[in-house]
Amino acid sequence: RTGYITLDPGYGNTGSCQSAITFIDGEKGILRYRGIPIEQFEQAPNFVEVAWLLIFGHLPNDAEYQTFSTDLTTCANLDESMKHHFEGFPRTAPPMAILSAMINALSCFHPEFFELENEDHFRVAAAGLISKVRTIAAYAYRHSIGQPYIYPDPALRYVPNFLHMMFSQPYAEHFCEPVVRDAINLVLLLHADHEQNCSTSTVRMVGSSQANLFASCAAGVCALWGPLHGGANVAVLEMLEQIYQGHISPEDYVRMAKDKDSKVRLMGFGHRVYKNFDPRARMLANVADRLLTTLGVQDPLLDIARKLEEIALKDPYFIDRQLYPNVDFYSGIIMRAVGIPTNMFTVMFSIGRLPGWIAHWWEQASSTGNKIARPRQIYTGAGITNHVPRDAR
Ligand code: SDX
């Protein structure tokens, strides 16, 4: 493809990046975090524990887990003057724009995190970012609906605290059902890392210039926003709604997605690496079933998603191109069942992906061989030409 460049995220000139964090086998549909198959996190999903695993390379022992949990609790509040920034955004502002801006703004209130001298210092910075991104997300939502901000509750764990800040009313605390807590823990941890995807490569690219952790992750949020990447979970819900409203049948939507002229794609399907089922999609489909059954929720969009999957997986167009459901196909149905609005879905993806971005940033920043990423290109422009004065053009 002309003008196509090979991104070299800073390791040698092989055009690929070495990392010890996540392993993917796209042909077999395998995903492992620091060697642990993701299916093994399903029984007792704990996003905080997986965040530690990805960042520090091993599952935390009790002391490490308690230290990290305490860091997350003590770092949950934002500086009060950050509220003025929220007020500066229109209520209709896309939450991803607010998230990226506020992560960058965070660095202005925590200059101590600019120079991370040692791993303890880095651990507090990582916990601060993982904790505060949840508060920023909740405040962005509360601002969009004109509701007062709800402060984090130090007695609550990571996910219940997030849902508390999102949905509690000043005098009616939101209760987080265990099935909801586990579902959202699993949604977040299944998004936690995915090797060199577009947004993680962006974080490594920006971090390779020795930009600070907050600036690098703010750039990751911008990359994730695109509908071909993290924005696909919103596009999936819009697609399912379009079918549910009766504007088009599932069969006709699939037919349209096969027609190049339609410029329409079956959102939540296909993947650059997986040429088999995305293992996360399988797990999220089960979580959706379990959650909706336990909550007694009937969501017709889940039935439509199942129907689209059934049609596509029998269709030679999808089979020949090895197009299967990816992580975005079912995640939105779970978030919708919990009451999270569609425009917050990609923000949820960002909260989940943040530990992966932090892990990659630290893996690169703490390596001795870190070099600034400097991709090369295949030049396809004009040969040497002369400048012509304007009056002679
Ligand atoms: C994420 O990289 C990661 O790991 C990302 C991610 C992560 O965790 O970080 O996994 C998260 O971003 C998942 C992907 C979310 N995006 C979507 O669901 C959007 C819909 N999917 C597609 O746009 C597409 O499948 C991509 C972008 C995901 C992958 O695109 P590729 O690998 O570049 O494939 P391609 O665009 O070159 O398509 C190959 C063929 C083309 O047809 P032909 O030219 O061969 O005839 O497959 C077709 C495409 O038209 N195709 C689709 C399709 N996806 C690919 N046709 C219809 N519907 C689709 N969804």
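These are my notebook entries on a predicted model, taken one region at a time.

**Entry 1**

Next I went through the pairings. Strands β1 and β2 run antiparallel and are joined by 4 bridges. Here I found Thr22 opposite Tyr33 in β2. The β1–β2 hairpin has 4 residues between its strands, and Gly29 takes a positive phi near 65 degrees there.

On to the other pair: β2 (residues 30–33) and β3 are antiparallel too, over 2 bridges. Tyr33 turns up again, standing opposite Ile36 in β3. A handy reminder for anyone looking at side chains here: in a regular strand they alternate between the two faces of the sheet.

I located Lys263 in the loop between α11 (250–258) and α12. Is Lys263 buried or exposed? Lys263 counts as exposed, because its relative accessibility is 73%, and the class begins over 50%.

**Entry 2: Ser100**

I looked up Ser100 and found it in helix α4 (residues 95–109). Ser100 counts as buried because its relative accessibility is 9%, and the cut-off is under 20%. What touches Ser100, leaving aside its neighbours within four places in sequence? I wrote down Ala218, Val221 and Cys222 as its contacts.

**Entry 3: helix α15**

Then I turned to α15 (residues 328–338), a mostly covered helix with 9 of its 11 residues buried. The buried set runs Asp328, Phe329, Tyr330, Ser331, Gly332, Ile333, Ile334, Met335 and Val338. What covers them? I traced the cover to elements including α6 (158–167), α7 (178–190), α10 (232–244), α12 (279–295), α13 (300–312) and α16 (345–365). Just after α15, I noted that Gly339 takes a positive phi of about 100 degrees.

**Entry 4: the ligand**

How many residues surround the ligand? I have 23 in the shell, and the closest are His194, His271, Arg272, Arg280 and Arg353. By type, the shell residues divide into 9 nonpolar, 7 polar and 7 charged.

At Leu228, a backbone N or O atom lies 2.9 Å from a nitrogen atom of the ligand. At Tyr317, a polar side-chain atom lies 2.9 Å from a nitrogen atom of the ligand. At Arg321, a polar side-chain atom lies 3.2 Å from an oxygen atom of the ligand. On its own the ligand has 1,000 Å² of accessible area, and the protein covers 78% of that.

Methods
Residues are numbered from 1 along each chain as its sequence is written. This is a predicted model: local features need pLDDT of at least 70, side-chain atom pairs count only at pLDDT 80 or more; totals for chains, interfaces and linings use all residues. Side-chain values use heavy atoms; hydrogens and water are left out. Two strands pair if DSSP finds at least two bridges between them. A residue is near a molecule or strand if one of its heavy atoms lies within 4 Å of it. A polar contact is a pair of N or O atoms within 3.5 Å; within protein, one must be able to donate a hydrogen and the other to accept it, and residues adjacent in sequence count only if both atoms are side-chain atoms. Accessible areas come from the Shrake-Rupley method with a 1.4 Å probe; for residues, only the protein chains shown count as cover. Ala, Val, Leu, Ile, Met, Phe, Trp, Tyr, Cys and Pro count as nonpolar, Asp, Glu, Lys and Arg as charged, and the others, Gly among them, as polar. Buried means under 20% relative accessible area, exposed over 50%, partly exposed in between (1.4 Å probe, protein chains only). Contact means heavy atoms within 4.5 Å.
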